[in-house]
Amino acid sequence: MHVDLGNALDTTPGLTAETLERLDDRVADAHDRIAAGMADDEFGYAALTLPETADPDAIREATDRFDRPEAVLTVGIGGSALGAATLANALESDVDAYFLDNVDPDAVRSLLDDLPLAETVVNVVSKSGTTAETLANFLVVRETMERAGVDWTERTLVTTGEAGNLRALADAHDLPALDVPDGVPGRFSALSTVGLAVPALQGHDIEAVLAGGRDGMADLSGSLFETPAYAYGAATYALAERGALTNAVMPYAESLETFAEWFAQLWAESLGKDGLGQTPARALGATDQHSQLQLYRAGPPDKLVSLIRPTERAETAIPETDLDGLAYLGGSSLGDLLDAEFEATEASLAAADVPNLRVEIDRVDERSLGELLYGMEAACVLYGELASVSTFTQPAVEWGKKAARGLLGGGDFPEADAVADKRELRIDGS
Ligand SMILES: O=P(O)(O)OC[C@H]1O[C@](O)(CO)[C@@H](O)[C@@H]1O
């Protein structure tokens with residue numbers, strides 16, 4: 001992973017070389033804290049040792065029982081789905097990967113109607129084992145398989161914590177079960193059983209993913225000038241301190257679109273604390289040059305743009321053409337066009353004084369993806385240290401869970417009562 005901070009210098013908001021030099025002293029202290037937490041396997045910091053502590057053999061032992069399925073259906077939500085989805089949607093495989101990470105009845109029914117259930121592995125993932133969406137979806141999937149005459153106990157892999165509903169289910173039915181790593185919040189678990197079972201089932205090189213994570217781990221140092229992940233974390237923090245409260249993450253590769261969704265949870269759930277944080281906006285290059293770029297360039301000076309790309313791409317030539325004004329495209333390639341648009345967007349933001357950071361990976365393969373995931377996790381941890389927030393908890397998400405549970409009769413929660421007190425000012429359509 002390579003990071004270029006050049007287009008965040010003297011922008012609005014912006015950094016200076018002096019800012020970064022001063023910040024580097026705080027980065028050194030933050031790194032010492034991070035390194036100590038890693039060494040002591042402390043809650044949260046343990047995530048940054050996963051490239052060394054994850055056990056690919058245990059993952060393969062569980063997944064090899066399912067002989068080359070046609071499809072893998074992951075039932076999970078948030079960090080229990082997004083890491084695996086990032087890898088599955090970035091890498092090509094003849095084993096299709098699907099994700100049920102919402103409880104939209106139309107979407108669930110439509111997917112289940114299309115799946116070859118007898119040739120599908122159901123990968124149900126929940127660290128807590130109590131997440132309503134995941135357990136509700138699993139119950140629907142299980143009933144659908146039963147009605148189709150498919151023995152769900154032969155098609156189900158469980159990844160969960162030491163106790164809870166899914167652990168009990170796995171024990172009761174002798175299901176293959178993987179352990180969610182201790183001390184790792186879900187959004188930091190991509191480089192573990194949680195994120196690697198799907199790519200293993202798809203035939204991808206999960207050892208290479210972990211090797212990429214080790215590449216990122218080896219880069220950790222006491223200076224942002226020697227560690228790309230820390231450069232990104234420190235620059236995004238310092239820009240937020242100066243008013244860049246939105247971070248528009250804009251990968252110039254369709255294969256990295258889900259990565260932006262994974263990043264959004266990592267960034268928002270880790271850093272949105274005590275009135276602080278930086279809103280991750282998901283964008284895609286070049287598509288959003290014809291959409292959100294107008295706001296990024298000419299809207300309020302309250303954001304930065306993270307431009308992400310692989311430096312090696314597959315090539316698709318653009319045929320010669322005599323179309324009026326488009327002859328210049330002929331003989332070029334789609335990759336050349338996409339890279340030209342990346343660099344043009346980067347320059348257009350700089351010309352408008354909008355801070356933008358360049359993040360590059362060598363190519364979209366297992367090792368580079370492992371390094372990118374690890375790098376952004378380390379960047380997030382560093383940002384949290386600099387901002388002095390509780391990076392590894394997510395208390396604010398619990399209120400809504402209790403309200404929804406109370407509305408469904410799952411307990412007596414004052415949060416559910418508050419729903420009834422909703423203020424109304426309706427304007428009804430015809
Ligand atoms: O793996 P679990 O326990 O089902 O949690 C799923 C997701 O829900 C959250 O706990 C938030 O509610 C996320 O942090 C987590 O990734």
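## Reading a predicted model

Q: Where does K401 lie?
A: This is a predicted model. K401 is part of helix α15, which runs over residues 398-407.

Q: Is K401 buried, exposed or partly exposed?
A: Count the other C-beta atoms within 10 Å: 20 or more means buried, 12 or fewer means exposed. K401 has 16, so this residue is partly exposed.

Q: Which residues does the UniProt annotation "active site" cover?
A: Start with the record. The unreviewed UniProt entry places this annotation on E269, H290 and K401. These positions spread over 133 residues of sequence, and their C-alpha atoms are up to 36.8 Å apart in space.

Q: Is E269 buried or exposed?
A: Apply the count again. E269 has 24 C-beta neighbours inside 10 Å, so E269 counts as buried. Its place is in helix α11, residues 257-271.

Q: Which residues does E269 touch, not counting residues up to four places away in sequence?
A: Look past the chain neighbours. E269 then touches R187 and Q394.

Q: How many residues surround the ligand?
A: Read the shell around the ligand. There are 15 residues, and the closest are G78, G79, S128, T131 and G186.

Q: How do the residues of this shell divide into nonpolar, polar and charged?
A: Sort them by type. Nine are polar, three are nonpolar and three are charged.

Q: Where does G79 lie, and is G79 buried or exposed?
A: Take the helix, then the count. G79 belongs to helix α4, residues 79-90. With 25 other C-beta atoms within 10 Å, G79 is buried.

Q: Which residues is G79 in contact with, leaving aside neighbours within four places in sequence?
A: Sequence distance and spatial distance can be read side by side here. The contacts of G79 are P185, G186, R187, S189, V194 and Q265. Take S189: 110 residues along the chain separate S189 from G79, yet their C-alpha atoms are 6.8 Å apart.

Q: How many residues has the largest nonpolar core?
A: In soluble globular proteins, nonpolar side chains tend to be buried together. Here the largest such core has 116 residues. A197, A234, A235, A379 and L382 have the most contacts inside this core.

Q: Which helix gives the most to this core?
A: Helix α14, residues 366-387, gives twelve residues.

Key. Residues are numbered from 1 along each chain as its sequence is written. This is a predicted model: local features need pLDDT of at least 70, side-chain atom pairs count only at pLDDT 80 or more; totals for chains, interfaces and linings use all residues. A residue is near a molecule or strand if its C-beta atom, placed from the backbone, lies within 6 Å of it. Ala, Val, Leu, Ile, Met, Phe, Trp, Tyr, Cys and Pro count as nonpolar, Asp, Glu, Lys and Arg as charged, and the others, Gly among them, as polar. UniProt positions are given in the numbering used here, feature names are shortened, and annotations may be inferred rather than shown by experiment. Helices (H or I, at least four residues) and strands (E, at least two) are DSSP runs, numbered from the N terminus. Two residues are in contact if their C-beta atoms, placed from the backbone, lie within 7 Å. A nonpolar core is a set of buried Ala, Val, Leu, Ile, Met, Phe, Trp, Tyr and Cys residues joined through C-beta atoms within 7 Å.
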